[in-house]
Amino acid sequence: MSRPLASKHLLAGKLCLVTGGSRGIGRAIAEAYAEQGAKLALVARTTSQLEETAESCRKLGAPEAHVFAVDLTDGKQLADLVKQLEAKFQMVNVLVNNAGMMSKSGSTPREGDAAEEEMLLKLNTLAPMRLTRLVTPKMVEAKEGLIVNVGSVAALEPMSSVCDYAASKWGLRGWSLSCHENLRKDNIKVVIIHPGMVRTDMTTSDKTEASAQKRMIQPTDIAEAALLAVRMSPSAVPNEITVRPGPPVFG
Ligand SMILES: NC(=O)c1ccc[n+]([C@@H]2O[C@H](COP(=O)([O-])OP(=O)(O)OC[C@H]3O[C@@H](n4cnc5c(N)ncnc54)[C@H](OP(=O)(O)O)[C@@H]3O)[C@@H](O)[C@H]2O)c1
């Protein structure tokens with residue numbers, strides 16, 4: 001995690017745990033880390049998509065890619081996952097807290113569903129906090145580690161149509177920036193990436209115009225951002241990265 005920009009296999013020997021690693025942004029990050037020789041632990045609920053991504057990671061250079069069907073809103077499943085990983089691999093070297101959701105029932109002061117709101121906060125904010133706490137002791141012991149959180153531009157400004165999503169990402173941002181301050185003395189890098197609209201299942205459907213889909217940020221662009229902290233020397237941490245669309249996506 002500390003070699004010069006041009007080196008390949010920057011993650012050789014490292015175990016990278018990627019939540020939401022089955023598709024979208026998580027898949028792109030997993031594949032980029034695979035190209036750097038990482039061992040992957042991919043987490044989501046849908047095994048078939050996880051298996052597909054694991055296969056792709058192996059082809060790209062990951063010496064190992066393991067899949068874990070875990071519901072990240074369940075604290076016990078999180079604890080069991082990390083226990084299992086540490087028993088097999090000693091420690092998680094890189095944690096990517098990427099899995100996230102938006103409400104389907106609306107999420108403003110005028111509408112919304114309490115159960116869905118609770119699930120959203122558990123997935124977008126609490127799961128990253130809990131996973132961080134679970135993997136940190138070994139990182140502190142090793143005096144090395146990287147934690148990448150996937151935030152959103154919704155953590156930077158008010159979003160009147162997705163208020164609960166914005167709240168969850170502002171919370172994650174506060175956690176991430178505070179963890180950076182807390183963990184930097186132990187040589188642990190903590191990064192948060194704020195994407196604008198990215199072309200994934202979260203933002204597109206069959207009805208989304210092809211031209212708009214093309215103008216959206218691509219998942220591989222976010223993977224590039226997730227590689228920055230790996231490429232930089234231990235002296236530098238890109239602790240907050242914002243990636244916005246170039247030309248406007250719509251219109
Ligand atoms: N797309 C965008 O425009 C955009 C912009 C800014 C930020 N983001 C953030 O980027 C991250 C990834 O988004 P994406 O666009 O790649 O979304 P996506 O394509 O919908 O992928 C979401 C991933 O999270 C997993 N997941 C969802 N609920 C889960 C649960 N309860 N337990 C375990 N895994 C779960 C999904 O797999 P299963 O459903 O199989 O569990 C999937 O792997 C999210 O945090 C999102 O908020 C996205």
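Me: Where should I begin with a pair of packed helices, and at roughly what angle do the axes of α4 and α5 cross?

Reply: Begin with the axes, since angles under 35 degrees count as roughly parallel. In this predicted model, helix α4 (residues 114–142) and helix α5 (residues 163–183) have axes that come within 8 Å and cross at roughly 10°, which makes α4 roughly parallel to α5. The crossing of these two helices, α4 and α5, is right-handed.

Me: Which residues of α4 and α5 meet?

Reply: For this step, contact means heavy atoms within 4.5 Å. On the α4 side the residues are E117, L120, L121, N124, T125, P128, M129, T132, R133, T136 and V140, and they meet D164, Y165, S168, K169, G171, L172, W175, C179 and L183 of α5. Sorted by class, the contact of α4 with α5 comprises 10 nonpolar, 6 polar and 4 charged residues.

Me: How do α3 and α4 cross, and are they roughly parallel or oblique to each other?

Reply: The axes of helix α3 (residues 75–89) and α4 come within 10 Å and cross at roughly 25°, and α3 and α4 are therefore roughly parallel to each other. The crossing in which α3 passes α4 is right-handed. Here G75, L78, A79, V82 and E86 of α3 make the contact with A127, R130, L131, L134, V135 and K138 of α4, and by class this contact of α3 with α4 has 7 nonpolar, 1 polar and 3 charged residues.

Me: What is the arrangement of α1 and α7?

Reply: Helix α1 (residues 24–35) and helix α7 (residues 219–231) have axes that come within 8 Å and cross at roughly 50°, so α1 and α7 are oblique to each other, and their crossing is right-handed. In this pair G24, I25, A28, I29, A32 and Y33 of α1 meet P219, T220, I222, A223, A226, L227 and V230 of α7. The residues of the contact of α1 with α7 divide into 11 nonpolar and 2 polar, with no charged ones.

Me: Turning to the ligand, how many residues surround it, and which are the closest?

Reply: The ligand is surrounded by 29 residues, of which the closest are S22, T46, N98, Y165 and T200. One of these, Y165, is also among the α5 residues in the contact between α4 and α5.

Terms used: Residues numbered from 1 in each chain as written. Predicted model: local features only at pLDDT ≥ 70, side-chain atom pairs only at ≥ 80, totals over all residues. Heavy atoms only, no water. Axes fitted to C-alpha atoms, helices over the stretch in contact; angles between N-to-C directions. Helix = DSSP H or I, 4+ residues; strand = E, 2+ residues; numbered from the N terminus. Parallel < 35°, antiparallel > 145°, perpendicular 65-115°, else oblique. Left-handed = near helix turned anticlockwise from the far one by under 90°. Nonpolar A, V, L, I, M, F, W, Y, C, P; charged D, E, K, R; others polar. Near = heavy atom within 4 Å.
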